[in-house]
Amino acid sequence: MAILPIRMLPDPVLNTKAKRVKTFDATLRRLVDDMVDTMRAAKGVGLAGNQIGVLLRIAVIEIPEENGRIRVFINPEFVSRSGQREMEEGCLSYPGYRGNTTRSERVHVRAQDLSGKLFSVKAEGTLLAHALEHEIDHLSGTLFLERLISKDAIWKIPEHEMAGYDPEHK
Ligand code: CO
């Protein structure tokens with residue numbers, strides 16, 4: 001168990017594409033455990049490998065309404081995405097800011113679990129759909145700042161208002 005430092009902008013690791021996980025072993029499980037501890041300590045809904053400086057395609061998500069269920073996505077990729085919606089979001093790697101972004105309405109994601117087994121998940125209009133897009137973006141080296149509806153659709157928020165409906169802030 002370990003809480004790892006979260007990389008912040010302008011750390012170049014956040015703009016780097018992560019590589020596929022090829023080895024499903026105890027080291028991977030320990031890394032995922034540490035990512036979960038780190039996400040929870042930061043009161044996050046999701047965390048991607050890049051954010052702890054590990055350029056491997058790993059994302060963890062914990063939706064507040066799912067009663068402590070941890071979702072682990074190894075090598076996640078989109079099977080399909082459709083629809084468009086405007087969202088408000090922030091990022092643990094860019095704290096203190098929120099912005100309005102364009103995201104999909106429906107996502108279908110394929111990934112592997114900790115043992116390497118393939119699974120897929122569909123989400124529509126939910127925080128899970130939003131978080132999946134945010135975290136898979138991280139693995140491609142993309143931040144929500146590149147999804148803003150316009151250049152100035154971003155604002156600084158007071159510390160005490162940092163919680164809310166957000167892919168990375170509970
Ligand atoms: Co983020």
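Modeller: Start with Thr 38. This is a predicted model. In it, Thr 38 touches Ala 2, Ile 3, Leu 4, Ile 6, Leu 47 and Ile 52, leaving aside residues up to four places away in sequence.

Colleague: What makes these residues contacts of Thr 38?

Modeller: Heavy atoms within 4.5 Å count as contact. Ala 2, Ile 3, Leu 4, Ile 6, Leu 47 and Ile 52 pass that test with Thr 38. Thr 38 itself lies in helix α1.

Colleague: Why is Thr 38 called buried?

Modeller: Its relative accessibility is 2%. Buried means under 20%. So Thr 38 counts as buried.

Colleague: Which strands does α1 lie across?

Modeller: α1 lies across β1, β2 and β3. It runs at about 45° to β2. Helix α2 (residues 127–139) lies across β1, β2, β3, β6 and β7, at about 105° to β3.

Colleague: In what order do the strands of the open sheet run?

Modeller: The order is β1-β2-β3-β6-β7, five strands with antiparallel pairing. β1 (46–48) and β7 each have a single partner strand, so one side of each has no neighbour in the sheet. That puts β1 and β7 at the edges. From one strand to the next, the twist averages 40°.

Colleague: What makes β2 and β3 a pair?

Modeller: Strands pair if there are at least two bridges between them. Strand β2 (residues 58–61) and β3 have four bridges, in the antiparallel sense. So they meet the cut-off of at least two. Across from Ile 58 stands Ile 74 in β3.

Colleague: On to the rings. How many aromatic pairs are there?

Modeller: The search of the whole structure finds three. One of them joins Phe 73 and Phe 119, 5.7 Å centre to centre with 40° between the planes.

Colleague: Why is the pair of Phe 73 and Phe 119 called tilted?

Modeller: Two checks. The centres must lie within 6.5 Å, and 5.7 Å passes. Planes under 30 degrees apart count as stacked and over 60 as edge-to-face, with the rest tilted. The angle here is 40°, so the pair is tilted.

Colleague: What does the pair of Phe 73 and Phe 119 tie together?

Modeller: Phe 73 is in strand β3 (residues 71–82) and Phe 119 in strand β7 (residues 118–124), so the pair ties together parts 46 residues apart in sequence. Phe 73 is buried at 2% relative accessibility. Phe 119, at 27%, is partly exposed.

Colleague: Why is the pair of Tyr 94 and Tyr 97 called stacked?

Modeller: The ring centres are 4.7 Å apart and the planes stand at 20°. Stacked needs under 30 degrees. So this pair is stacked. Tyr 94 is partly exposed at 24% relative accessibility, and Tyr 97 is partly exposed at 25%. With Phe 144, Tyr 94 and Tyr 97 form one aromatic cluster.

Colleague: How do you know that the charged end of Arg 81 sits over the ring of Phe 78?

Modeller: The distance to the ring centre is 3.8 Å. The limit is within 6 Å, together with a position within 35 degrees of the ring normal. Arg 81 over Phe 78 is listed as such a case.

Colleague: Now the charges. What makes Arg 20 and Glu 77 a salt bridge?

Modeller: Their closest N and O atoms are 3.5 Å apart. The cut-off is within 4 Å. So they form a salt bridge. The pair links distant parts of the chain, 57 residues apart: Arg 20 is in the segment before α1 (26–41), Glu 77 in strand β3.

Colleague: How many salt bridges are found in the whole structure?

Modeller: The search finds 11. Among them, Glu 88 and Arg 98 have their closest N and O atoms 2.6 Å apart. Glu 88 lies in strand β4 (residues 85–89) and Arg 98 in strand β5 (residues 97–103), so this pair ties together parts 10 residues apart in sequence.

Colleague: Is Arg 98 buried or exposed?

Modeller: Arg 98 has 5% relative accessibility, so it counts as buried. Glu 88, at 34%, is partly exposed.

Colleague: Which residues are linked in a network of salt bridges?

Modeller: Glu 89, Arg 103, Asp 137 and Arg 147.

Notes. Residues are numbered from 1 along each chain as its sequence is written. This is a predicted model: local features need pLDDT of at least 70, side-chain atom pairs count only at pLDDT 80 or more; totals for chains, interfaces and linings use all residues. Side-chain values use heavy atoms; hydrogens and water are left out. Rings of Phe, Tyr and Trp (its six-membered ring) pair if their centres lie within 6.5 Å; planes under 30 degrees apart count as stacked, over 60 as edge-to-face and the rest as tilted. Buried means under 20% relative accessible area, exposed over 50%, partly exposed in between (1.4 Å probe, protein chains only). A salt bridge is a side-chain nitrogen of Lys or Arg within 4 Å of a carboxyl oxygen of Asp or Glu. Axes are lines fitted to C-alpha atoms, for helices over the stretch in contact, and angles run from 0 to 180 degrees between N-to-C directions.
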